[in-house]
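Dear colleague,

I am handing over the structure below, together with some notes on what was found in it. Please look through the sequence and the model before reading on.

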Amino acid sequence: MKISTSELLDELKNRTKQHLQFAEMLSSKTEHDLNFRTSADSWSTFECLEHLNRYGNFYIPEINRTISSSRKSSQLYFKPGILGNYFAKSMLPKEKLNTMKTLTAMNPIRSNLDKRVVDTFIKQQRKMLELLEEAQYIDLEKTKTSISISKLIKLKLGDTFRFVIYHNQRHVEQIKRILMD
């Protein structure tokens with residue numbers, strides 16, 4: 001599979017803009033609503049966002065660092081890597097969301113959270129949009145990032161963007177379901 005680099009970046013920017021708008025809407029909700037959980041073991045809206053913020057705390061500086069140090073010019077097309085494509089696709093929300101185990105460090109359940117979680121997520125989405133803009137000038141295949149579970153595994157920058165943004169999408173969908181209950 002090969003995709004136009006500009007189409008990929010546009011798609012990722014559009015998704016990120018939707019996540020940003022959704023988070024801005026969450027700012028108007030009460031803390032009571034954002035702390036609501038559908039069951040004792042499920043996450044609240046705050047916990048979903050905190051989970052995403054924890055990933056953002058790793059990936060945003062990592063992406064920023066790799067973009068800043070990249071010396072490779074952009075290419076017309078992006079070809080996902082086997083592992084990166086697998087990770088990215090596994091994050092896309094499905095009709096019946098398959099639950100996944102999360103790393104203990106990334107699990108925010110029963111954390112004491114407040115609206116600052118929403119503010120952090122909003123800031124991270126704005127930074128992600130900036131990084132997507134900068135990414136149009138570099139090679140999304142040859143520029144590689146570390147991943148949160150192992151510094152030894154490197155993914156193509158395009159796959160890292162896809163993974164992080166699709167992961168955000170997955171939990172935005174989860175939040176929508178929480179708020180409907």
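Predicted model: local features only at pLDDT ≥ 70, side-chain atom pairs only at ≥ 80, totals over all residues.

The partner of R37 in a salt bridge is E47, with 2.7 Å between the closest N and O atoms. This pair joins distant parts of the chain, since R37 sits in the loop between α2 (31-35) and α3, whereas E47 belongs to helix α3, ten residues apart. E47, for its part, is buried, with a relative accessible area of 2%.

In the whole structure, a search finds twelve salt bridges. One of them pairs E24 with R126, whose closest N and O atoms are 3.1 Å apart; here too distant parts of the chain are linked, with E24 in helix α1 and R126 in helix α5, 102 residues apart. R162 forms a salt bridge with D159, and both R162 and D159 are buried. There is also a network of salt bridges that links D10, K13 and E133.

Turning to the nonpolar residues, the largest core has 27 of them, and Y59, I63, I67, M128 and F161 touch the most other members. Two or more residues of this core come from each of α1 (5-26), α3 (45-69), α4 (82-91), α5 (116-135) and α6 (157-180). Apart from this core lies another, of 19 residues, including L26, W43, F121 and L129.

With best wishes

Key: Residues numbered from 1 in each chain as written. Heavy atoms only, no water. Core = buried A, V, L, I, M, F, W, Y, C linked by side-chain atoms within 4.5 Å. Buried < 20%, exposed > 50% of the residue type's maximum accessible area, 1.4 Å probe, protein only. Helix = DSSP H or I, 4+ residues; strand = E, 2+ residues; numbered from the N terminus. Salt bridge = Lys/Arg side-chain N within 4 Å of Asp/Glu carboxyl O.
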